[in-house]
Amino acid sequence: MTDIALELKNVWRRFEVSQGAFKGKAALTAVADVSLQVRRGEVYALVGESGSGKSTLAKMLLGLLPPSSGEILIDGAPIDSGNRIAVARRIQPIFQDPYSSLNPRKSIEQLIALPLVVHRIGDAASRRAKVREMLDMVGLPARLLDAYPGQLSGGQRQRVAIARALVMRPEVVICDEPTSALDVSVQAQILNLLLELKRDLGLTYFFISHNLAVVEHLADRVAVMYLGRIVEERTRAGLFASPRHPYTSGLLESVLTPDPDLGVPDTHLGITNANPMAVQNGCPFQARCPSALAICATQPPAVTILSDGWTTCHLLQEEALALQ
Ligand code: SF4
């Protein structure tokens, strides 16, 4: 067993998108040359706006979508995107919406036991015992075994979804915005539960979120994604204390504060969102960057290594040149 639970090597995912009648198709690159390593037992967070490629990446990790090129490895072995059952044994998702991710016609026992049934693990009695153990682990009473999702609150449903994801003891758990559909009062309970389970079971989380407050609460390292590319990867402390990429700075400035007198913060990113159909030469962030240089229009920035990670921005390279 290696120290690296999950690794992506130069992963790309491209789509052909219809432009409408008479205009043919255009290429869209949803994930561009993503390489990363998630260490065993850590919480690795991926943040970015809608359209940044986070969801496409999650689908590839779950074997729901093959990469156009590149490799995804769990515990050093490539995942087989064509074999979803084999992938599901090693990597499990917790989705944002516990209302749609649980079949309303199945009892809680059936829902949590489903992975055991699919993988033919144990008999009916041992599965029931396992489901009881999981219910206890996620803080739900055993009397809910025969209940249906419609009888549960949003927080209880998400606990069921977590129990189902963990019943097979996967090597990696993909947490895709696991609290964003929940009431604010319940979000902290679910996040704390995820952290407790990680500690008790030695889990590894790949945590996808647009919510920086959540990421600051539980991530060990953070990758910032923009138009399919990771533009900065840092430790949580380093990223929140001193972001080095202008996009990361804008994301951090966009976090609303509880003080209404401070109003809506200016992110300095303009009003447009990332447009994956309009990636230009040079730096993909140039159209929204408040600090863009002439070189940004023609040359993509190279990786700059930092003491706690890396980033990709010409500003840092210019700074380094100025110090020489
Ligand atoms: Fe902005 Fe240029 Fe840095 Fe891109 S490379 S983030 S455009 S300064």
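I began with the pocket lining: β6 gives the most to the lining of the largest pocket, with 4 residues. Strands (E, at least two residues) and helices (H or I, at least four) are DSSP runs, numbered from the N terminus.

Before going further I noted the ground rules. This is a predicted model, in which local features need pLDDT of at least 70, side-chain atom pairs count only at pLDDT 80 or more, and totals for chains, interfaces and linings use all residues. Residues are numbered from 1 along each chain as its sequence is written, and side-chain values use heavy atoms, with hydrogens and water left out.

**Pocket**

I looked up the volume and found about 530 Å³ of space in the largest pocket. Of its 18 lining residues, Arg84, Ala88, Gln92, Pro93 and Arg164 are the closest to the centre. A pocket here is an open set of points on a 1 Å grid over the protein atoms alone, with protein on both sides within 12 Å along at least five of seven lines; lining residues have an atom within 4 Å of a point. Points are joined across faces, edges and corners, and a volume is the space filled by probe spheres set on them.

By class I recorded 13 nonpolar, 3 polar and 2 charged residues in the pocket lining. Nonpolar covers Ala, Val, Leu, Ile, Met, Phe, Trp, Tyr, Cys and Pro; charged covers Asp, Glu, Lys and Arg; the others, Gly among them, are polar.

**Cavity**

I found 1 cavity of 30 Å³ or more; a cavity is a set of points where a 1.4 Å probe fits but cannot get out. The volume of the largest cavity is about 90 Å³. Its lining has 14 residues, with Cys283, Cys289, Cys296, Cys313 and His314 nearest the centre. I counted no charged residues there, against 10 nonpolar and 4 polar.

I placed Arg127 in helix α4 (residues 124-137). Arg127 is buried yet has no salt bridge, and Asp123, the nearest side chain of opposite charge, is 6.7 Å away. Buried means under 20% relative accessible area, exposed over 50%, and partly exposed in between (1.4 Å probe, protein chains only). A salt bridge needs a side-chain nitrogen of Lys or Arg within 4 Å of a carboxyl oxygen of Asp or Glu. For charge, Lys and Arg count as positive and Asp and Glu as negative, while His and the chain ends are not counted.

Leaving out residues up to four places away in sequence, I listed Leu116, Val117, Arg120, Ile121 and Gly122 as touching Arg127; contact means heavy atoms within 4.5 Å.

Arg120 lies in the loop between α3 and α4. Its phi is near 55 degrees, positive in a residue other than glycine. Is Arg120 buried or exposed? Arg120 counts as exposed, at 75% relative accessibility.

**Leu227**

I also checked Leu227, in the loop between β9 and β10. Leu227 is not a glycine, yet has a positive phi of about 45 degrees. Leu227 is buried, with a relative accessible area of 3%.

**Covered helices**

In helix α9 (residues 246-253), 6 of the 8 residues are buried, among them Tyr247 and Leu251. I noted that the buried residues of α9 pack against several elements, including β3 (43-47) and α10 (314-323).
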